[in-house]
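Here is a short briefing on one protein model. Please keep the structure open while you read.

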Amino acid sequence: MDEHEWSEDLSIGVEQIDNQHRELFQRIGSLRWAIRNGQGRGALLETLAFLEEYVDAHFTAEEALMQQHDYPGILEQKKEHEGFLKELLSFKEKLIDMEIEGEFTAFLEIEIERKLSGWLAEHIGTIDRKLGTFLTEKM
């Protein structure tokens with residue numbers, strides 16, 4: 001197993017959220033496979049486009065659960081979510097600029113994949129785990 005892939009250790013105990021987290025890791029795992037097999041450039045653009053749409057929906061669903069159950073850490077969560085979306089858009093802009101300038105490299109593919117999977121693993125393992133514990137007790 002790679003360092004940053006889904007495992008049950010990342011489960012927060014809320015099925016809806018866990019299923020969405022699995023999907024995120026599955027997409028990043030597909031990106032990792034594509035990079036290792038020389039197909040990273042197209043897969044990276046596709047993955048970033050998917051993530052841009054999917055994480056927005058995922059974050060909206062998480063935040064709705066937080067509001068519904070008066071989660072005290074909602075502001076911290078929203079700040080984390082906004083930071084990730086900004087970083088995602090930054091990756092996309094950097095990728096497009098490098099494509100235009102002909103400077104795209106495999107190192108960029110690997111850097112973006114590692115940052116994405118690392119952020120998700122860290123966020124889920126810490127911030128979302130607190131949310132999961134809270135929601136499990138409330139529900």
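Glu 111 is partly exposed, with a relative accessible area of 29%. Lys 94, Glu 111 and Lys 115 belong to one network, joined by salt bridges that share partners. The model is a predicted one.

**Salt bridges**

- The structure holds six salt bridges.
- Lys 94 and Glu 111 meet through their side chains, at 3.7 Å from N to O. Lys 94 lies in helix H3 and Glu 111 in helix H4, so this pair ties together parts 17 residues apart in sequence.
- Lys 94 is partly exposed, at 35% relative accessible area.
- Another of the bridges joins the side chains of Arg 32 and Glu 113, at 2.9 Å from N to O. Arg 32 sits in helix H1 and Glu 113 in helix H4, so the pair links parts that are 81 residues apart in sequence.
- Are Arg 32 and Glu 113 buried or exposed? Arg 32 counts as buried, at 8% relative accessibility. Glu 113 is buried too, with a relative accessible area of 7%. The cut-off for buried is under 20%.
- Arg 22 and Glu 8 also form a salt bridge, with 3.4 Å from N to O. Arg 22 is part of helix H1 (residues 15-36), while Glu 8 belongs to the segment before H1, so the bridge ties together parts 14 residues apart in sequence.
- Arg 22 is partly exposed, at 29% relative accessible area. Glu 8 counts as exposed, at 52% relative accessibility.

**Helix H3**

- Helix H3 covers residues 74-101. Its 28 residues should span 40 Å at 1.5 Å a residue, and its end C-alpha atoms are 40 Å apart, which agrees.
- Which residues of H3 are buried? They are Ile 74, Gln 77, His 81, Phe 84, Leu 88, Phe 91, Leu 95 and Met 98.
- An α-helix has 3.6 residues a turn, so residues three or four places apart point the same way.
- What do the buried residues of H3 pack against? Their partners are helix H2 (40-68) and helix H4 (106-138).

**Helix H2**

- H2 has 29 residues. From its first C-alpha to its last it reaches 40 Å, close to the 42 Å expected at 1.5 Å a residue.
- Asp 70 follows H2 and has a positive phi, near 50°.
- Arg 41 is found in H2. It counts as partly exposed, at 40% relative accessibility.
- Arg 41 and Ile 112 are 71 residues apart in sequence, yet their C-alpha atoms are 11 Å apart in space.
- Glu 46 is also found in H2. At 56% relative accessibility, Glu 46 counts as exposed. The cut-off for exposed is over 50%.
- Glu 46 and Leu 31 are 15 residues apart along the chain, with 8.9 Å between their C-alpha atoms.

**Aromatic rings**

- How many aromatic pairs does the structure hold? There are five.
- One of them is Phe 50 with Tyr 54, which is stacked: the centres are 4.9 Å apart and the planes 20° apart.
- Phe 50 and Tyr 54 are four residues apart in helix H2, which means about one helical turn separates them.
- Phe 50 counts as buried, at 15% relative accessibility. Tyr 54 counts as partly exposed, at 22%.
- Phe 59, Phe 84 and Trp 119 form one aromatic cluster. Phe 84 is also among the buried residues of H3.

**Nonpolar surface patch**

- Which residues form a nonpolar patch on the surface? Leu 45, Ile 96 and Ile 100 do, with about 280 Å² of accessible area together.
- Ile 96 is found in helix H3. It is partly exposed, with a relative accessible area of 38%.

Terms used
Residues numbered from 1 in each chain as written. Predicted model: local features only at pLDDT ≥ 70, side-chain atom pairs only at ≥ 80, totals over all residues. Heavy atoms only, no water. Helix = DSSP H or I, 4+ residues; strand = E, 2+ residues; numbered from the N terminus. Expected span 1.5 Å × (residues − 1). Buried < 20%, exposed > 50% of the residue type's maximum accessible area, 1.4 Å probe, protein only. Contact = heavy atoms within 4.5 Å. Patch = residues over 30% accessible without salt bridge, like charges linked within 9 Å, V, L, I, M, F, W, Y side chains within 5 Å. Areas by Shrake-Rupley, 256 points an atom, 1.4 Å probe, with all protein chains shown as cover. Salt bridge = Lys/Arg side-chain N within 4 Å of Asp/Glu carboxyl O. Phe/Tyr/Trp six-rings, centres within 6.5 Å; stacked < 30°, edge-to-face > 60°.
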